Every structure is written in C-alpha cells, then in structure tokens.
Protein chains: 2
Amino acid sequence: MPKKADKYEAVSELARRRGFFWPSYEIYGGLSGFISYGHLGTVLKRKVEAKFRDVFVTPLNIQEIESSIVMPAKVLEASGHVEAFKEPMVSCRNCERKFRADHLLQEKAGMTDTETEKLSLEEIVEKITEYEITCPECQGELGTPKYFMTMFSTTIGPYSDAVGYGRPEAAQSIFVDFRRIYETARERLPLGVVQIGHALRNEISPRQGPVRLREFTIADIEFFFDPNEPQCPQLKQFENEKLHLMPTILKQRDSERTLEITVREALQKGYIRTEWQAYFMILAKHFLEALGVPEDKQRFIEKLEWERAHYSAQGYDQEVFLDRWGWTEVSGHNYRTDYDLKRHMEHSGVDMQVFREYEKPVKTKRLVVEPILAKIGPVFKKNASKVASLLSQADPKQIEESILKNGEYIIQGMKILPEYVKISHKDIDETGRRFIPHVVEPSFGVDRLVYVTLEYSYERHGDRTLLKLPRELAPIQISIFPLVRKDGLAKKAKLVSEILAKEDFAVEYDEAGSIGRRYARADEAGTPLCITVDYQSLKDDSVTIRDRDSWKQSRTGIKTLVKSLRDYYKFKKDLEDMGELL
Amino acid sequence: MPKKADKYEAVSELARRRGFFWPSYEIYGGLSGFISYGHLGTVLKRKVEAKFRDVFVTPLNIQEIESSIVMPAKVLEASGHVEAFKEPMVSCRNCERKFRADHLLQEKAGMTDTETEKLSLEEIVEKITEYEITCPECQGELGTPKYFMTMFSTTIGPYSDAVGYGRPEAAQSIFVDFRRIYETARERLPLGVVQIGHALRNEISPRQGPVRLREFTIADIEFFFDPNEPQCPQLKQFENEKLHLMPTILKQRDSERTLEITVREALQKGYIRTEWQAYFMILAKHFLEALGVPEDKQRFIEKLEWERAHYSAQGYDQEVFLDRWGWTEVSGHNYRTDYDLKRHMEHSGVDMQVFREYEKPVKTKRLVVEPILAKIGPVFKKNASKVASLLSQADPKQIEESILKNGEYIIQGMKILPEYVKISHKDIDETGRRFIPHVVEPSFGVDRLVYVTLEYSYERHGDRTLLKLPRELAPIQISIFPLVRKDGLAKKAKLVSEILAKEDFAVEYDEAGSIGRRYARADEAGTPLCITVDYQSLKDDSVTIRDRDSWKQSRTGIKTLVKSLRDYYKFKKDLEDMGELL
C-alpha cells in the first residue's frame with residue numbers, strides 16, 4: 001500500500017517535470033497502463049538498452065533482430081499463449097466494474113502471489129465467499145469469476161476471420177524465424193538471439209505507472225544450445241561469485257530467507273539446472289549493478305511449478321527492492337527447453353531441427369519409417385507432402401508401437417494406416433545428429449529498468465534534488481555555461497559546446513538564470529559534469545569542470561578537454577585527474 | 001509490373017540470405033505487409049535512424065520522445081483519422097476476395113494515383129462498369145465498393161466499449177503531449193519534437209515487401225513555430241541550393257517535368273509556403289544523399305488538394321527512383337498549420353495555446369467574453385468549468401456575432417444564451433500574445449529508407465555481389481581475418497579484434513574458408529574494411545587493410561590502427577592515408 005510522498009511519488013514528479021516520463025493521454029483523462037517518455041527519458045531508456053547490449057549482446061556475439069508487434073493468431077496458438085495467457089477476472093454485479101480476482105484476494109484476504117496463482121476459478125469463488133469480499137468501489141456483490149485473455153486482439157487486413165494479437169513477448173518472433181536466423185548466423189551453436197521492442201499485455205486494471213504497463217518495452221534473449229553440450233565456457237570466470245538465491249526448496253518452506261551462494265555451488269546442488277542460465281543470472285546481477293542497484297538490493301526467486309509460465313521447465317525471477325512496492329521483478333530467467341521450437345514444428349510442419357556433423361560417421365542400425373507416397377498421395381491429396389514430412393520428423397519408435405498396438409498412427413488428426421508406411425531396421429552410416437536446440441531465456445522489462453535506475457539515483461539534499469545517474473547513462477553528458485552572457489563569454493561557451501558536440505558528446509548549452517540555478521537544473525537532470533566559461537577562460541583558454549556528486553571543481557585547458565572527457569566517460573579518469581582541483 | 005530478376009528481387013534474395021530482412025511468419029505461409037530484420041538489417045536500420053538524428057535532430061536540438069502504439073479512440077477521433085483514414089475496397093461476388101478499388105483502376109484502367117484519389121464511391125462504380133473490370137483472381141463480378149478503415153482496432157482493458165487503435169503515425173502522441181513537452185523544453189519556440197517508432201496501417205492487400213507494410217517504422221518530426229515569426233535563420237546557408245520540384249501548377253498540366261530551382265526562388269514564387277518546410281526539404285535531400293541516393297534520383301512532388309492528407313495545407317512528397325517501382329515516396333513534408341493542436345484543444349477542452357511575452361506591455365482595447373459562473377454553474381453542473389474554459393478560448397468576435405444574430409452560441413453542442421456571458425470592450429495592458437503554434441512536418445518511412453539504401457548500394461561484379469553501403473551505415477565496420485588459422489595467426493587476429501571491439505568498433509572475426517571467400521562474404525555484407533593478420537604481422541606488428549570498393553590494400557601498424565580507423569569512419573582519412581599502399 002502506498003505511503004504518502006514516497007520515493008515513487010517524488011521520482012514521478014521529477015520525471016514529469018523534467019521530461020523523463022509521464023502518464024499518456026493526460027489531456028483525455030489518462031489511460032492506465034501507458035506512459036510516454038519525454039526527451040530525457042527517451043535518451044535514458046536508449047542508454048539503458050545500450051548498456052544491456054554491452055553486458056549481454058556484444059560479449060556473446062548475440063544476433064539482434066527486429067520483428068513485428070502484430071502477430072497472426074496461428075503463431076500464438078502454436079506457442080500456447082492463446083490458451084495460457086489469461087487472468088481470473090470478476091465483475092461487480094452492481095457497478096459492473098471489473099477486477100483481477102487474484103489481486104482482490106491478495107489485498108482483502110492477505111493471500112500471497114504464490115497462493116493465488118494456484119487457485120482454480122471454483123476455488124476463487126470459495127475464497128471470495130469465505131472472506132466476504134465485495135466490490136472495492138461500491139461494495140456491491142461480485143459475480144462469477146471468469147478468465148480474461150490478456151492479449152490485445154485485432155483483425156489483420158479486410159477479412160474478419162484473420163485474427164491477430166499484439167505480441168505479449170518478443171521471444172516468439174525469434175522462434176518462428178529460427179531457421180532463417182540460424183542460417184544467417186552460419187549454423188553455429190550455441191547461438192544467442194535478442195529482440196528489444198514494444199510488447200503488449202491487456203492488463204485488467206494496471207495501477208503502478210511504469211512498473212505495470214499494458215504497452216512496454218521488452219528485451220528477450222533466446223539462447224539456443226545443444227542439450228548434449230550444455231557447458232558454458234564463459235562461466236569459469238564467475239563461478240565463485242555469489243548470488244542471493246531463493247530456490248523452491250526454501251520457498252516452499254515459506255521462508256523469506258535467501259541463500260547467499262556461489263554459482264558453482266548453486267549448480268552442484270541443482271538449484272540452477274543449466275550453466276547458461278547461471279551465467280545469465282550473474283550477468284543480470286552485474287547489469288543491475290551498472291544501473292545503480294547494489295548487490296544486496298537484488299535477489300533471485302525460483303518460481304514454483306504452478307507459478308511458472310507454460311513454457312518453462314525452471315524459472316527464476318530477478319527482483320529489486322523498490323521503496324513503494326518492495327521486492328519487484330525486473331527480469332525472468334526461464335529454461336524454455338525445446339518447448340517453443342517443438343510446438344512451432346508441430347503446428348507448421350516445418351522442421352526445426354539442426355544437424356551437427358560427427359567428426360567421423362558412426363555405423364548404426366536404425367528403425368526407419370518411410371512413407372509410401374503411392375498410397376499417401378491419393379488419400380491425403382494436397383496434404384500428402386505435409387504428411388510425409390511430418391512422418392519423417394516423428395519418432396519412428398512411437399509410430400511402430402502405435403501401429404502394432406492400434407493398427408494405426410494419428411498425426412495431427414490424420415490417420416496413418418499400416419499400408420501407408422514401410423517400417424524397417426536399416427544399417428546406416430550416421431554422419432551426425434539431428435535435434436532441436438534447447439533454450440535459456442533472460443527477459444527484461446526495460447521500462448521497469450528505467451524506473452529502477454531513476455529511483456536508485458534519486459537523492460534529496462536540503463531543498464535540492466540530485467539524480468546520481470551512472471555516468472554512462474546520463475542523457476546529458478555535459479552542460480556548458482557562460483558565467484555571464486556578456487563580454488564574449490556566451491560566444492566562447494557556445495564554441496566549447498560545438499567542439500564537444502562534434503565529438504559526439506551529448507551536451508546542453510544553458511545561459512538562463514544564475515549559475516546556481518543552472519547547476520541545480522543540471523543536478524536534477526542527472527548531468528555528471530558542468531563546464532563553466534568565465535573571465536579567466538578568455539585569458540588562458542581554460543574552463544572549470546564541476547562534478548555533480550561531490551560538487552568539487554577543477555580547472556583545465558580547452559585543448560585537452562575532448563581527450564579528458566572521453567577518458568572520464570570510459571571510466572579511465574575521474575574529476576581529480578582532469579586538471580587542477582579548485 | 002515486375003520485370004524478372006530485377007534489382008528488387010536480387011536485393012531481397014541477398015537480404016534473406018545474409019540477414020538484412022525477410023517476410024515475417026514464413027513457416028506459417030507468410031503474412032503480407034510484415035517483415036523481420038535479421039542481425040545485419042537490425043543494425044543497418046539503427047544506423048539509418050542514427051543518421052536521421054545527425055541530420056535533423058541534433059543540429060536543431062529537436063526533442064525526442066517515445067510514446068505508445070496503442071491509442072484510445074478519442075485521440076484519433078480528435079485528430080480526424082477515424083473519419084479520414086479509409087480506402088475504397090471492393091469484394092468479388094464469386095470468390096469473396098477483397099481488393100483496393102483504386103489500385104484496380106490504376107492497374108486495369110491505366111488511371112493515375114492523382115486521378116483515382118479524386119473519385120467518390122459512385123464514380124468508382126462507374127469506372128468499374130466502363131472498363132468492365134472483374135476480379136483479378138477469378139474473373140468474377142465485383143460487388144459495390146465501400147470504405148474500409150485502415151487502422152487496426154482493438155479494445156483496451158476488459159470493457160468492450162474501450163476502443164483503441166494502432167497509431168497510424170507517430171505524430172499524434174506529440175500533439176497530445178504538446179503541453180508537457182513544451183514545458184520540459186522550457187517553453188521555447190520554435191520547438192522541434194521527433195518520434196521514431198512502429199506504426200500500423202491495416203492495408204487491404206499490400207504486395208510490395210518493405211515498401212508497403214502494415215507494420216512499419218516511422219520517423220515524424222513536428223516542428224512548432226510562431227506563425228507571426230515564420231523565418232528560419234538556418235535557411236540562409238542553403239538558399240542557393242537547388243531542388244528538383246514539381247509544384248501543383250506544373251503537375252496540373254500533367255507534365256512529368258520537374259523544375260530545378262533554388263530554395264530561395266521556390267519560396268519567392270510561392271511554390272513552398274514556409275521557410276521551415278523548405279529547410280527540411282533541403283535537409284531531406286542531404287539525408288537521402290548520405291544514404292547513397294544521388295540528387296538526380298530524387299524529386300519533390302507537390303500533392304494536389306484532393307491528394308493531401310486531411311490535416312495538410314501544403315504537402316510535398318519526396319520521391320526516390322527505384323528499379324522496380326519507379327518514383328517512390330520516401331518522405332512527406334506537410335504544413336499541418338495549427339490543425340492538430342486546435343482539434344485536440346476542441347476535443348479535450350485543454351488549452352493548447354502558448355503565451356509569448358511582449359518586450360513591453362501594449363495598451364489595447366479588446367472584446368472580452370466573460371462567462372458568468374453563477375448562471376453557467378446550475379445549467380451545466382459538472383461540465384460548467386469545461387464550458388467556462390471553452391468560452392475563454394473561443395474567438396470573442398464569433399461569440400458576439402452569433403449571439404447578436406441567433407440569440408445563442410453553440411459550443412461543442414452546448415447552447416450558450418446571452419445571459420450566461422458578459423460581453424464588453426475593455427482597456428487592457430496586453431503583456432503578450434496567446435496563440436496556437438503552427439507545425440511543419442517532415443515524416444520518413446524508415447523501412448523504405450533501409451530498402452532504398454540497400455538498392456542503391458547493390459552492385460554485381462561478375463559473379464560477386466558488392467554492397468557499397470556508405471561507411472557510416474555499415475552494420476559491420478571491420479572484418480578481421482587470420483591468413484591461416486595455425487602458427488599463432490588466429491590468436492593474434494583475435495587480439496586485434498578485441499582491441500577494436502573495446503574501442504566500440506563493430507567488428508567481426510572470421511577464420512572460415514579461403515581468404516577470397518572471406519573477402520566475398522564481407523563485400524556482400526557491405527563491410528567497408530577487412531584487416532588481415534599474416535606472417536609479417538608476427539614479425540613487425542603490422543596488418544593489411546583492404547578496401548571494399550577499390551579492392552586496394554595498405555599495410556599499417558597495429559599501434560596506430562585505432563586512431564586511423566576512427567579518422568576513417570569520421571571521413572578524415574581514406575585508405576591511402578592509412579599506411580603504405582600495396
């Protein structure tokens with residue numbers, strides 16, 4: 001429950017006033033679940049994404065793709081979202097307002113997320129009756145809960161049966177396009193693919209600003225690897241690093257305690273099932289540290305079986321402690337196995353297996369099912385080649401067993417009779433293996449990251465606000481002021497500003513108001529350095545540089561400015577190393 | 001009509017194979033109007049956007065914002081899109097397929113875009129009958145044309161009456177949020193605001209790959225200025241530059257000829273109505289040149305009155321010549337006046353005027369309409385303050401006239417009687433002016449720009465493909481090869497690769513296949529420079545650099561590499577200046 005004038009409120013006020021973010025469509029009364037980024041927020045968000053690429057994408061040579069937000073229904077039927085992406089909703093019989101039934105139980109019956117996730121619609125009815133829960137708005141009687149699909153739906157083109165959805169995650173385009181991506185990456189494995197883009201979830205009643213949005217930016221990495229070669233060579237350098245972990249075994253005991261445990265130990269004890277997932281969890285910790293969140297304000301909570309997404313064999317949420325909402329998810333780490341590729345293979349009939357050559361061929365006897373096209377053709381007509389392809393991808397053992405036992409084999413609803421196929425054991429020189437890669441997925445909510453960055457950098461000092469943004473993330477890198485406008489100081493300051501802009505620094509020139517007010521404005525925008533051109537600058541071509549956090553100043557020559565500033569923003573120099581301290 | 005094996009086909013084949021772009025949802029049979037960008041395309045697109053910022057955003061200190069794709073119906077009703085965003089559609093009575101009626105007339109009756117834009121539904125029926133046009137798929141009889149709304153619609157949240165649309169342009173969020181943006185920009189004017197993001201148009205039957213998409217990326221600049229101060233100081237430097245222009249006066253004569261005319265002259269003759277629009281058209285020409293399109297393959301065509309968007313008082317399309325489609329729009333330049341802000345002011349009741357202080361107050365007599373709250377309150381109840389606010393924003397002259405003539409004034413459907421207001425002439429010290437800023441809008445389709453860049457850089461030399469991407473845009477800046485893998489060459493090449501990656505160069509290490517094949521792969525990906533580590537590198541720490549376009553090579557020391565390459569990518573050096581030519 002909100003406290004008054006908490007950090008969220010203070011950050012939001014600053015965000016609106018200075019152009020980080022604000023609620024969308026304010027002039028029309030607002031629309032919950034949507035925010036707009038102003039000029040500072042847009043750049044901050046872009047820098048958070050750039051940092052994400054620094055930490056995850058570049059070191060592993062992960063391939064970035066960009067695909068569409070609108071998806072045809074088929075894709076999300078295949079992925080299981082059409083069936084699974086729903087929340088229990090309850091309407092008031094009196095005022096007809098609608099609510100998340102599980103949220104009402106959390107608020108009114110003190111149940112935890114873990115407890116409500118488990119409930120069926122019938123059990124929700126029982127709990128509502130047991131706790132005598134009524135409409136939070138009008139105290140009216142609540143109706144029967146039903147599931148509400150939380151994807152935005154639309155129709156694509158002029159035919160009303162061409163249903164489409166707004167994608168609820170960026171991952172599915174990666175799975176659907178896997179064959180293309182794998183080919184353009186010259187068929188290497190392991191292979192990481194990332195997409196950063198808008199996604200949509202039609203939340204029933206979102207109320208938490210940038211933390212729970214209907215339209216948000218997601219950064220999904222799908223990391224494909226051979227399940228027979230699950231080792232992550234990069235992990236070695238981090239294996240003694242510690243994570244704050246709450247595996248299900250602790251969680252089921254309902255303890256709030258996390259383990260502080262090395263990655264190596266977490267893997268040995270089976271708390272984390274794959275090395276790649278452990279590796280990404282460590283990187284996720286580093287990433288949040290780079291955004292300004294110390295290690296002890298982060299933790300990883302394992303999801304219980306019924307809490308996990310439908311595609312997940314193991315899932316950890318990375319949580320960050322926020323002033324208003326307590327522990328809040330910022331990323332999810334799921335072991336998606338071969339679930340998605342397999343589903344798309346089944347639904348599309350397109351082979352999603354990869355082939356890896358052995359060093360030399362292996363002699364082997366293998367059960368082989370060969371479709372007899374002369375039989376299949378007349379029976380399945382235009383579907384014949386699809387049937388043949390499905391048969392060649394299916395497990396021969398299953399086909400044989402089913403035909404022996406039932407006298408038929410059913411594939412995607414089509415009946416295969418014994419005379420349609422030839423089943424035999426053959427001597428084969430196997431040149432390699434065919435398999436569906438497994439996937440580990442780290443997935444980040446970018447808007448939450450932007451908010452977290454702002455909250456962790458927000459400080460008040462007396463009546464002044466300071467945004468201690470990490471220097472790599474500051475939307476404005478340098479503010480440039482003339483001490484006064486006259487006597488050629490403004491002209492010289494503009495010149496300095498142009499020199500720096502040409503070298504790709506993000507600069508702002510400001511000549512309005514007193515120097516004190518200008519410093520205050522820069523501190524509030526999170527600008528790490530301010531450069532002032534004063535009367536001495538006219539004499540010796542020097543300027544003062546002032547540090548946002550320490551308020552210390554040093555004097556340095558304009559000539560060496562570019563080099564010094566470049567080093568500063570690459571963390572090779574601090575203010576002390578940039579001239580003479582004043 | 002497509003020719004066979006034209007440039008579009010060749011570019012598309014390369015794009016699919018190397019990971020620039022491909023049709024989305026291929027494994028499910030594809031979905032026209034949607035493409036996916038692979039790893040090279042994603043970076044190329046990002047660099048095209050970065051170049052856009054270099055040319056337009058940074059020099060004018062334009063503020064970038066990021067808002068939502070899903071918009072509530074209210075916004076797009078106010079903007080006029082719900083009414084105006086539609087296309088004539090016709091269905092086949094036999095096979096029930098649906099088509100753009102105007103496109104059929106263009107294809108079957110040889111009509112031009114300009115001609116079909118003008119037709120009413122009745123006139124379309126006449127033309128279909130006159131030219132005996134039937135279904136292009138089955139020759140069936142065509143039904144009665146009707147309008148199809150080309151926005152994607154959805155519902156927001158659990159209430160079925162909360163209609164939303166996918167935004168058809170990025171501009172509207174800028175208008176809706178204008179007050180906030182203007183405040184965070186410290187109320188300066190002129191003020192440019194930009195948004196680059198996905199937008200949606202539910203085309204009836206798109207068939208042109210990246211050139212006509214249902215989901216696309218748009219870059220909209222809304223440039224706000226005081227209509228009383230329409231001068232663009234930046235224009236001076238370009239006033240003698242020439243544009244290829246086809247103003248309506250020529251177009252109406254149905255001439256294909258463009259004028260080659262200086263900006264100054266185009267303004268003097270009234271071909272371009274505002275200086276800011278002329279300025280952005282010049283920048284647009286420079287921008288396309290930077291993407292590789294020479295001046296003589298670009299032109300600006302003025303839209304006739306009935307071709308213009310509903311919000312436009314003057315509109316030019318920038319067109320680029322494409323191999324398959326001929327002259328093709330890549331950007332639109334519209335003078336939107338105060339249309340959008342005014343509409344949002346009327347629909348929301350929120351004042352969108354800005355206030356500009358005079359240097360000193362001006363004594364003036366002014367007609368003033370003051371709402372009498374004691375009367376308005378009881379009549380309009382909870383709408384009373386909205387009525388008062390609307391009255392204070394309305395033109396006092398209009399109110400006075402209407403009341404004198406009709407005995408009432410109607411504002412947003414509400415009747416204002418004479419006794420509700422006090423109308424008088426007052427002596428006033430006017431301290432400034434209140435007005436709605438005017439807007440000039442340059443708007444770019446980013447996907448088309450990416451395609452144009454690829455087509456203009458595509459060359460075949462014998463059996464080799466060369467992508468002469470401008471060096472600033474190349475997704476991979478440098479490919480690094482060991483001559484052979486053994487003898488420590490691979491190790492040294494990897495080291496060079498790491499050094500450059502650390503200095504933020506986009507590098508690719510490649511050791512697979514012969515050097516010739518590796519060069520060919522790099523040429524096809526548009527990589528400007530290849531660095532090879534050979535046996536001499538082990539002796540004297542030098543490498544060879546090979547230029548994509550000239551195939552020339554030079555030898556240079558590893559020590560000076562970073563500096564040289566930085567200069568090369570800032571256009572301060574060419575290959576010749578980077579060591580000894582071989």
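User: Which domains does the domain assignment give for chain A?

Analyst: Three stretches come out: domain 1 (87–148), domain 2 (364–432) and domain 3 (476–581). The bounds come from an automatic or database domain assignment. One housekeeping note: this is a predicted model, where local features need pLDDT of at least 70, side-chain atom pairs count only at pLDDT 80 or more, and totals for chains, interfaces and linings use all residues. Residues are numbered from 1 along each chain as its sequence is written, with chains lettered from A and ligands numbered from 1 in the order in which they are written.

User: How do you know that the copies meet through the same surface?

Analyst: Contact requires C-beta atoms, placed from the backbone, within 7 Å. By that rule, 49 residues of chain A touch 50 residues of chain B. Since 100% of the interface residues of chain A are also interface residues in chain B, the copies do meet through the same surface.

User: Why does the end-to-end distance of helix H12 of chain A agree with its 16 residues?

Analyst: Helices are DSSP runs (H or I, at least four residues; strands are E, at least two), numbered from the N terminus. The expected span is 1.5 Å times one less than the number of residues. For residues 275–290 that should be 22 Å, and the end C-alpha atoms are 23 Å apart, so the two agree.

Notes. Contact = placed C-beta atoms within 7 Å.
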